[in-house]
Number of protein chains: 2
Amino acid sequence: MKIGLRHIRYFLVLAEDLNFRRASEHLHISQPALTRTIQHLEAELHVTLFDRSQNFVRLTDAGRAFREGGQRVLNGVEATIDLTRRVSIGEAGALRVGYTDFAIADALPELLKQFHQRHPGITVRPHHGVTTAQLQQLRDDKLDIGFVTGPVRQPGFRSRVVQTDRPICIVPEGHRLASRSSVELAELADEDFVHGPTEAWAHFYDYLFPHCRKAGFQPRIVQEAFNSVGILGLVSCGMGITILTESIYDFATGGLVPLPISDIDDVMVTEAVWASENLRLPTQHFVDFLEQSDNH
Amino acid sequence: MKIGLRHIRYFLVLAEDLNFRRASEHLHISQPALTRTIQHLEAELHVTLFDRSQNFVRLTDAGRAFREGGQRVLNGVEATIDLTRRVSIGEAGALRVGYTDFAIADALPELLKQFHQRHPGITVRPHHGVTTAQLQQLRDDKLDIGFVTGPVRQPGFRSRVVQTDRPICIVPEGHRLASRSSVELAELADEDFVHGPTEAWAHFYDYLFPHCRKAGFQPRIVQEAFNSVGILGLVSCGMGITILTESIYDFATGGLVPLPISDIDDVMVTEAVWASENLRLPTQHFVDFLEQSDNH
DNA sequence: TTTTCATGATACCTTTTATGCATCAGAAAC
DNA sequence: GTTTCTGATGCATAAAAGGTATCATGAAAA
């Protein structure tokens, strides 16, 4: 016969009462049932847990050790059951959130903070990644929500704009354009550009390159960095200029000059994306939260 | 019906295999028995733990939460059973050790270190206390072993000498005796003394006062401190002189002068004391350890 | 398509385990 | 003494767990 939670429950009550009859009453069972359960427990452990006589019952040292461990076990069971129930109704759980440099620099922190206030039991697990990587992770069910550079128009996904950015040109101090208050795209045609890897940053280029094309040039990318911090670093080293967003520029450490681009009218959007069906409960809560956020 | 460890064990195996038939084989039970156990578990929790179809079985989010908690619970049960067994054979446990200032200043640290090497599963819980307090705690079963100022000749206790100290006189720098290389007791007759409270330090006075009486005086105690550090502090402040042991003097911070007392021949003993019967296993191990330490 | 195969669920019966009742034996209180 | 506690034991019953046979369903094979 194996030890079960029943043995531990009975044992703990007896260890509290130190009296078989009273303990059996607290347990709503007969005294012989309790006696035998404790006997079985001791036989299974090969350990005497109680010193008993007709006058008194008291714990042995081993009994005290078992009481501590047994109490922890029962607490663990209760906590596990409670957590499981909470997860099943979406009150607890984990939400895997992807984000780009653009998202984390502006809308995301406040959004996650508000979501946590509304659903404190749901743990947000942030995963940094470029748009293309996030979309793939969403397809592979590695991510619940992505914050990506939009617009996303893929079958099987829904999305919602959470942030818009005006692109700005960023040049190092001392650059020939550094003293200007704004620039036109065409003026950048002969500049060296620092940007991210072509495939990874595809969605950003989808937004930027058409504007350049209209202005009559294709940006000459001379250096690639793996994220926006790296890009700004290379720009401040004088390796070239770049076009990013204002919120990204706010993270720069110095040595850089931001220039509005006068002839770009539209904005770059950052969207929350999620699968259109079979949503996990935390994901559903986040989607609901996003839609409520919009409506006021 | 209540959730038991059986439900958790079966659940964990199924969560691993994700196949009722294979899991039932691993558990050495029939497939219907497993199916029903999982059904009962889910009914008791009011939670669906597995998404099942004829093609596949997979965990729900709640199932994943239950798996983590359930694994922890089983590990806890196993650890508790193991610890309980180890305590029952004396391989693990706690030993409550009392000690005086004299004991901790000399023999005790090395003794406890060696004991820990021999019985790494036994946790030593040190309790500082004067001899009288320790003897009372031993009687009240609040302590397993006392390290006290001897000799102890009380019924119901056994003891063993672990340390001997020559008393020395300690005077502040600049004292009229500070430049001497040794003193005789009688020379201290008119000095002010700093010592511990009379009742608490009874055992120490039992050793010291007869010597003074033989030298023809009763020490005039003008200041009482609660421990030897306090005594040395008051001495270095010039409140008086004291008589303690060399090992205690080693802890002094400065401003003090030690003087051998030429006409005290016998030593002050520190003994380990323990009850003579009904020893807990860790206590028995410590006693055995002490006797082995003596024999080589 | 039909057939075959593997899956999990159900029905029915057996075995095992847990429980209750009645009672015993020993120590303490009266 | 007698009574009154204590925990332990024997026996019968109830509840839980398990096994065998079988079903329904969907995927893969023929």
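A polar contact is a pair of N or O atoms within 3.5 Å; within protein, one of the two must be able to donate a hydrogen and the other to accept it, and residues adjacent in sequence count only if both atoms are side-chain atoms. The model shown is predicted, so local features need pLDDT of at least 70 and side-chain atom pairs count only at pLDDT 80 or more, while totals for chains, interfaces and linings use all residues. Residues are numbered from 1 along each chain as its sequence is written, chains are lettered from A and ligands numbered from 1 in the order in which they are written, and side-chain values use heavy atoms, with hydrogens and water left out.

**View 1. The surroundings of DNA strand D.** A residue is near a strand if one of its heavy atoms lies within 4 Å of it, and 24 residues surround DNA strand D, the closest being A:Gln31, A:Arg52, B:Arg6, B:Tyr10 and B:Ser30. Helices (DSSP runs of H or I, at least four residues) and strands (runs of E, at least two) are numbered from the N terminus, and α3(A) gives the largest share of the surface near DNA strand D, 5 residues.

**View 2. The surroundings of DNA strand C.** DNA strand C is surrounded by 24 residues, of which the closest are A:Arg6, A:Tyr10, A:Ser30, A:Arg36 and B:Arg52. Of the atoms of DNA strand C that come within 4 Å of the protein, 66% belong to sugar and phosphate. A phosphate oxygen of DNA strand C is 2.7 Å from an N or O atom in the side chain of A:Tyr10, and a polar backbone atom of A:Ser30 lies 2.4 Å from a phosphate oxygen of DNA strand C. The side chain of B:Arg36 has an N or O atom 3.2 Å from a base nitrogen of DNA strand C.

**View 3. The nonpolar core around A:Phe11.** A nonpolar core is a set of buried Ala, Val, Leu, Ile, Met, Phe, Trp, Tyr and Cys residues joined through side-chain atoms within 4.5 Å, where buried means under 20% relative accessible area, exposed over 50% and partly exposed in between (1.4 Å probe, protein chains only). Among the 58 residues of the largest nonpolar core, A:Phe11, A:Phe50, B:Phe11 and B:Phe50 touch the most other members. Contact means heavy atoms within 4.5 Å, and, not counting residues up to four places away in sequence, the residues that A:Phe11 touches include A:Ile38, A:Leu41, A:Phe50 and A:Phe66.

**View 4. Helix α7 of chain A.** Buried in this helix, which spans residues 131–139, are A:Thr131, A:Gln134, A:Leu135 and A:Leu138. Seen down the axis of α7(A), these buried residues fall within an arc of 100 degrees, so they line one face of the helix; the arc is that of the directions from the helix axis to the C-beta atoms. What covers them includes β3 (93–99), β5 (145–149) and α8 (202–214) of chain A.

**View 5. A:Phe209 in helix α8.** A:Phe209 lies in helix α8 of chain A and is buried, with a relative accessible area of 15%. A:Phe209 touches A:Gln218, A:Pro219 and A:Ile221, not counting residues up to four places away in sequence.
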